[in-house]
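Student: I have just opened a structure that is new to me. Could you take me through it?

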Amino acid sequence: MLAAMPGSAPSPLSAGGPALRDGGDACPGTLRLHQADDGALARVRVPGGVLSADRADALLAVACRFGDGELHLTSRGNVQLRGLDAQCGGGPAELLGAAGLLPSAAHERARNIVASPLAGLDGSPALGDRLAELDGLVCGSAAAASLSGRFLFALDSGRGDVDALGADVTLIAAGDSCLLRIGAEDEVFRVPAEEGPRAALLAAEAFLRAARDSAAWRVKDLPDDVRTELVRGIGAAAGPAVHRPRPRTATPPAPGPHGSPNAISVGVPLGRLAPAQWRLLTETARRYGDELRLTPWRGIVVPGPFGRPDEAAEALHALAAAGLITAPDSPWTGVGACIGRPGCARSLSDVRAEAGAAVGRVGRLPVYWSGCERRCGHPHGEWIDVVVTPDGHRISHVRGERRDPPKTVRDDPVALAAAVAAARA
């Protein structure tokens with residue numbers, strides 16, 4: 001198996017340990033804020049998207065005390081707090097640290113872990129122990145503090161949902177073993193289940209050594225020969241190779257009940273939650289499993305158990321009344337957008353308002369609206385890409401690495417809504 005991991009855990013919020021990376025990686029965190037047009041922005045990493053009700057309360061307290069009061073879900077199941085006062089100082093970090101949401105100052109931007117949100121609830125294996133172990137190993141590795149805020153781990157229950165998200169290191173549950181995927185490689189390596197989290201960390205540390213002489217922040221950024229050598233080296237130290245191409249399209253949990261029902265799933269229009277909506281979700285979690293799972297598709301799973309189907313129906317009814325997506329036939333299902341104007345200076349338009357104006361009927365394909373060519377937070381797999389350009393809104397059908405010829409709509413909201421609806425269908 002892979003060699004033992006060096007390094008020991010720094011104390012939480014200590015000034016010691018490895019220095020945070022200064023150059024190039026501009027990803028925000030809780031200690032390193034990003035200055036947006038609507039104020040400072042903090043990105044709180046929530047490994048696996050798993051939050052207790054108490055920690056959810058702490059996030060809301062920070063948002064209301066220091067920011068605009070809203071909580072914004074990201075495409076990695078994390079939370080962004082926006083509109084923070086420039087004078088807030090270390091207040092947000094202090095409150096989040098006290099709630100256990102900031103276990104290591106040196107690693108706070110490296111704790112990027114997505115996990116299958118229905119793991120253990122829909123007949124698939126539970127991932128909680130592996131998630132906690134991997135997060136602990138990342139926070140305990142001196143080398144891992146140098147991972148960029150872009151580097152991503154994924155823990156897949158075997159359904160292929162988060163395996164499709166293009167993580168740098170993916171662990172896939174497979175009975176009494178795990179399959180270890182590096183980047184987008186079709187060959188995965190079988191390792192014993194109990195050694196999976198450590199194998200994932202050591203693969204990330206091997207990436208850091210391979211990337212030392214390049215500007216790569218992620219596995220896909222490595223030169224082809226370096227990436228090939230990295231995968232070969234990890235494979236030689238891990239287990240047998242298995243051919244398993246990465247799924248092309250990620251499938252989020254459908255809004256509604258799951259597992260008879262062991263859980264309910266809701267979508268969040270444009271990933272933005274008002275305080276009242278967040279409180280209702282937290283109260284619902286306390287009533288049942290005391291847990292929220294934020295998904296990489298800007299949704300939330302509330303684990304049960306729900307004693308009766310009508311209990312799940314009642315909870316979904318209340319959440320629908322609060323403006324959340326509780327059924328697949330909602331016109332908001334699959335609709336996403338970046339922050340747009342006025343929050344982002346790069347954006348050419350208020351794409352959230354445009355997305356809302358264009359919502360009409362349910363589309364087969366997800367659609368994502370971007371205010372500029374950067375496409376922050378866009379989905380993976382197959383989707384409709386709407387990008388604002390100086391010449392109008394450019395609409396194209398993305399199929400993995402391929403993109404169909406685009407169509408541009410100029411300054412006509414009615415024509416734009418019709419074009420997007422036709423593309424999604």
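The conversation below goes from the whole chain to single residues.

Student: Before we start, what kind of model is this, and how are residues numbered?
Tutor: This is a predicted model, in which local features need pLDDT of at least 70, side-chain atom pairs count only at pLDDT 80 or more, and totals for chains, interfaces and linings use all residues. Residues are numbered from 1 along each chain as its sequence is written, and side-chain values use heavy atoms, with hydrogens and water left out.

Student: What is the mean pLDDT of the chain?
Tutor: The mean is 90, and 94% of the residues reach 70 or more. Here pLDDT is the predictor's confidence in each residue, from 0 to 100.

Student: Where does pLDDT stay under 50?
Tutor: That applies to residues 1-23, for which the model has 46 contacts beyond four places in sequence. Contact means heavy atoms within 4.5 Å.

Student: How many helices and strands are there?
Tutor: The chain has 9 helices and 22 strands. These are DSSP runs numbered from the N terminus: helices are H or I with at least four residues, strands E with at least two.

Student: Why is the chain called as compact as a globular protein of its length?
Tutor: Its radius of gyration is 21 Å, close to the 22 Å that the globule rule gives for 425 residues, so the chain is as compact as a globular protein of that length. The radius is taken over C-alpha atoms, and the rule is 2.2 Å times the number of residues to the power 0.38. Along its principal axes, the C-alpha trace spans about 60 × 50 × 50 Å.

Student: What share of the residues is buried?
Tutor: Buried residues account for 53% of the 425. Buried means under 20% relative accessible area, exposed over 50%, and partly exposed in between, with a 1.4 Å probe and protein chains only.

Student: Where is Leu292, and is it buried or exposed?
Tutor: Leu292 sits in strand 15, residues 291-294. Leu292 is buried, at 0% relative accessibility. Beyond four places in sequence, its contacts include Leu51, Ala56, Leu281 and Ile300.

Student: Let us turn to helix 2. Which of its residues are buried?
Tutor: In helix 2, residues 91-98, Gly91, Pro92, Ala93 and Leu96 are buried. The buried residues of this helix pack against strand 2 (39-44) and helix 1 (53-66). Gly100 follows helix 2 and has a positive phi, near 85 degrees.

Student: What does Thr284 touch?
Tutor: Thr284 lies in helix 6, residues 275-287, and is buried, with a relative accessible area of 3%. Leaving aside neighbours within four places in sequence, Thr284 is in contact with Val302, Ala315 and Leu319.

Student: New topic: which peptide bonds are cis?
Tutor: The bond from Gly304 to Pro305 is cis, with omega near 15 degrees, and so is the bond joining Arg341 and Pro342, with omega about 0 degrees. Pro305 lies in the loop between strand 16 (299-303) and helix 7, whereas Pro342 lies in the loop between strand 17 and helix 8 (351-358).

Student: Why point these out?
Tutor: Most residues other than glycine have a negative phi, and most peptide bonds are trans.

Student: Which residues other than glycine have a positive phi?
Tutor: Ser260, with a phi of about 80 degrees, and Arg375, with a phi near 55 degrees, are among them. Ser260 is in the loop between strand 12 (256-258) and strand 13 (263-267). Arg375 is in the loop between strand 18 (367-370) and strand 19 (382-389).

Student: Are those two buried or exposed?
Tutor: Ser260 is exposed, at 76% relative accessibility, whereas Arg375 is buried, at 14%.
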